[in-house]
Amino acid sequence: MTAPDSISLDDQAIDILRGNDRGGYTVPTAGLYPYQWNWDSAFAAWGFAQIDMPRAWQEVETLFAGQWADGMVPHILFHKPDPDYFPGPGVWGGVGPVASSGISQPPVAATFIWLMYEMNPDAGLAHARNLFPKILAWHQWFMDWRLDQGAVCITHPWEAGRDNTPDWDGAMAGIDPVGVGEYKRRDTSHVDPSMRPTKYDYDRYLWLVQMGNRLKWDQAALLKEIPFRVADPTMTFVLLRAQRDLSLLGQALGEDVSVIERHIETLETGAQSLWNSDLGCFDARDVQSGKWSNCVSNASFLNWYSGIDSPDMLAQYDRVTALCSYPVPSHDPSSDRFDPKRYWRGPTWGMMNALIGIGLAERGFADRAEALGTATADLIADHGFAEYFDPMTGEPAGGGTFTWTAAIWLAWASPNKETT
Ligand code: GLC
């Protein structure tokens, strides 16, 4: 059914995607994030797939053009220099074919590529054939370098895409950012500093980047040297889901998927290793100290998206969503670390809601999935296409005219969308 007042929102979302298009790739938002970000780009492709399939394929192909020789697909590709962003290519010293950062991001790409292929297999076939071995190599890179008890670890808070979540507080406290030097942040000139990470965080982010650059992003060296290694629910659930979808894509293409199937089993075990039984929730685990983060986050609720059921998680979901007007908050509102406007320490993110909603719908929780879709649509309709939102008031926060918020509107939240 078409809701007349939402037509203009569909148009606004399309304008945002087109407006953030830099020719072959989409920036998350002008000013604050002027480059191609990995998972933002995958969401952008999903959005474009609703209106312009060739452009959707181009988005992911541009992303994979930055793939490193070891298989890693970087979290930022610096296609064109922009002095208004820090830390830029010189600080990172990426070693791939396109100037880039030295870490990756949650690999949602395979899932959206599979969806795009399914939407139009004829138009997608050549693209899918070209991308399949590249995705395989990227996923293999995670399996080779990032596993702990089968769960996927991050070596930098930015790698999980949840920069300043309380999940990393313990591991961050173990870093003494000695010698990080003077630097000038740019993010706080675009956005109110109270909505961004603190200087304490930034010193540690940069110190880790400087160390990676010194080690030339050699994974064996990083494994030995980097004092930050956290097994992360975002990465683990997203990669598990991505491997399942890559297997489906491989089968459709007539490829041998036995290696992928073995990876799926490993990751299923890994996901269970993130179960914090005292908290009654999937949680992040600091590999070096062995300590839990004790965080109920929006990444905890990606279990259904990864294909894993849990009655305990359903109870957590109902408890947390009842605590705020606009779920799903990035951190439990009943925790003393909850901060409703500070980035990943409380705000609601539309794209995380889309992933959670897909999982709920698929695992048979249609009512909750629908309620989440409606709450997200209301949030965007009332408060715009913001980067993130205060879960209590809905107030928009961070950057505006945001690509992934527009993309999930078109692909998942819009009332004009027939299916979720
Ligand atoms: C922030 C987010 C990350 C995102 C990037 C660009 O760093 O935490 O998830 O990819 O901005 O939008």
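Val 328 is placed in the loop between α13 (311–322) and α14 (350–362). Helices here are DSSP runs of H or I with at least four residues, strands are E runs of at least two, and both are numbered from the N terminus. The peptide bond from Pro 327 to Val 328 is cis, with omega near 10°.

This is a predicted model, in which local features need pLDDT of at least 70 and side-chain atom pairs count only at pLDDT 80 or more, while totals for chains, interfaces and linings use all residues. Residues are numbered from 1 along each chain as its sequence is written, and side-chain values use heavy atoms, without hydrogens and water.

**Other backbone features**

A cis peptide bond also runs from Phe 86 to Pro 87, with omega near 0°. Pro 87 belongs to the loop between β2 (76–77) and α4 (89–92). Asn 294 is not a glycine, yet its phi is positive, at about 55°. Look for Asn 294 in the loop between β8 (285–286) and α13.

**The ligand**

Which residues surround the ligand? They are Pro 28, Tyr 33, Trp 37, Trp 39, Asp 40, Gln 105, Gly 161, Asp 163, Tyr 343, Trp 344, Phe 402 and Trp 404. By class, eight are nonpolar, two polar and two charged. Here Ala, Val, Leu, Ile, Met, Phe, Trp, Tyr, Cys and Pro count as nonpolar, Asp, Glu, Lys and Arg as charged, and the others, Gly among them, as polar.

| Residue | Part of the residue | Distance to a ligand oxygen |
|---|---|---|
| Trp 39 | side chain | 3.1 Å |
| Asp 40 | side chain | 2.6 Å |
| Gly 161 | backbone | 2.6 Å |

Taken alone, the ligand exposes 310 Å², and the protein buries 96% of that. These areas come from the Shrake-Rupley method with a 1.4 Å probe. The ligand sits in the largest cavity. A cavity is a set of points, on a 1 Å grid over the protein atoms alone, where a 1.4 Å probe fits but cannot get out. To sit there, more than half of a molecule's atoms must lie within 2 Å of the grid points.

**Salt bridges**

The structure holds 21 salt bridges. Each is a side-chain nitrogen of Lys or Arg within 4 Å of a carboxyl oxygen of Asp or Glu. One joins Glu 268 and Arg 244, at 3.1 Å from N to O. Glu 268 lies in helix α12 (residues 258–272) and Arg 244 in helix α11 (residues 233–252), so this pair ties together parts that are 24 residues apart in sequence.

Notes. Near = heavy atom within 4 Å. Polar contact = N/O pair within 3.5 Å; in protein donor to acceptor, adjacent residues only side chain to side chain. 1 Å grid on protein atoms, 1.4 Å probe; cavity = no way out; pocket = protein on both sides within 12 Å on 5 of 7 lines; lining within 4 Å.
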